[in-house]
Amino acid sequence: METYRKAIGRAAAIVMAATWMVGAVYPAKAEEDMWPSLRSEVFGDRPIKESDGVVILDAPSRAEDAAVVPLTVRVPPAVKGPLKSMWLIIDQNPAPVALTVTFGPAAGNGGGERRFTTRVRIDTYSYVHAVVETDDGTLHMTKAFVKASGGCAAPAPKDADQASADLGKTVVKSFDPALQTAALREAQIMIKHPNTNGLQMDPDTRAYVPARFIREVAVRRGSELVFKAETSFSISANPNFRFTYENASENTLEVTSIDTDETKFVGHSTQVSITQ
């Protein structure tokens, strides 16, 4: 019997697919401003400080591949104290909120530039908003316009069996900083998962591939949380995250991810030394 969450996930995917197909016939204007309604839905009437230097978003002005668009959120060293949360919102996507991150104690309190990088699908020309919540509850935002098209409906892998081989295999790497006394270190997570979204067509059968994507990623260092992310199908296939976290005497990470079929995947970090 399907779990409640699994059923809800599939129902949501069907609704999103239907919304996308209507949009394919009646496409939204590229200049249509979706942000006011998205802002209200996600943040309510909370004030947001825009372009105040607390958060920086690195994004290509034109994507080489709309299905794999790199985005990096940066918080400069001048910003002190822990971060509470972060959002990546792609205004024109069928699932606009690509990522919602809640940071834990092991994410670090600063002492250097904090970064979070991932790869996303972008369906059409769109603004991307990055919002960070600092420890005092203030929301800070910046945005970038990305020219991309068709990322959410990019063809599914031709060989479904090969794509499903080693499903959920999780590689986690923790990189030693150049200086052992550095406040922050970097880590990278790579999860093998097709992250199908229900909008992609099987090239052989011409049928839509059922939605199945990573919906949650939790990263812990020992008993302490680094971050927990709620993810949508706007994250690219084979989810990839690179991020900074607090440098300590023990830096081994455990990563647990869950997909919309409620399958759990676990990986542990290996330590990588950087040579100059």
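# A tour of side-chain contacts

Select Phe116, Phe227, Phe241, Phe243 and Tyr245: together they form one aromatic cluster. The model is predicted, so local features require pLDDT of at least 70 and side-chain atom pairs pLDDT 80 or more, while totals for chains, interfaces and linings use all residues. Residue numbers start from 1 along each chain as its sequence is written, and side-chain values use heavy atoms, without hydrogens and water.

**Aromatic pairs**

Rings of Phe, Tyr and Trp (its six-membered ring) pair if their centres lie within 6.5 Å; planes under 30 degrees apart are stacked, over 60 edge-to-face, and the rest tilted. By this rule there are 10 aromatic pairs. Go to Trp35 and Phe43, whose ring centres are 6.5 Å apart with planes at 55°, so this pair is tilted. Trp35 is buried at 10% relative accessibility, and Phe43 is buried at 5%; buried means under 20% relative accessible area, exposed over 50%, and partly exposed in between (1.4 Å probe, protein chains only).

Strands (E, at least two residues) and helices (H or I, at least four) are DSSP runs, numbered from the N terminus. Phe116 is buried at 4% relative accessibility, and Phe241 is buried at 1%.

**Charges over rings**

Next, select Arg242 with Phe175: the charged end of Arg242 sits over the Phe175 ring, 4.3 Å from its centre. The rule asks for NZ of Lys or CZ of Arg within 6 Å of the ring centre and within 35 degrees of the ring normal. Lys143 likewise lies over the face of Tyr127, at 4.7 Å from the ring centre.

**Salt bridges**

A salt bridge is a side-chain nitrogen of Lys or Arg within 4 Å of a carboxyl oxygen of Asp or Glu. The structure holds 14 salt bridges.

Another joins Arg185 to Asp176, with the closest N and O atoms 2.8 Å apart. Arg185 and Asp176 are both buried.

Move on to Arg221 and Glu224, which meet in a salt bridge of 2.8 Å, N to O. Arg221 is buried at 8% relative accessibility, whereas Glu224 is partly exposed at 32%.

Finish at Glu216 and Lys228, a salt bridge whose closest N and O atoms are 3.9 Å apart. Glu216 is in strand β11 (residues 214-221) and Lys228 in strand β12 (residues 224-231), 12 residues apart.
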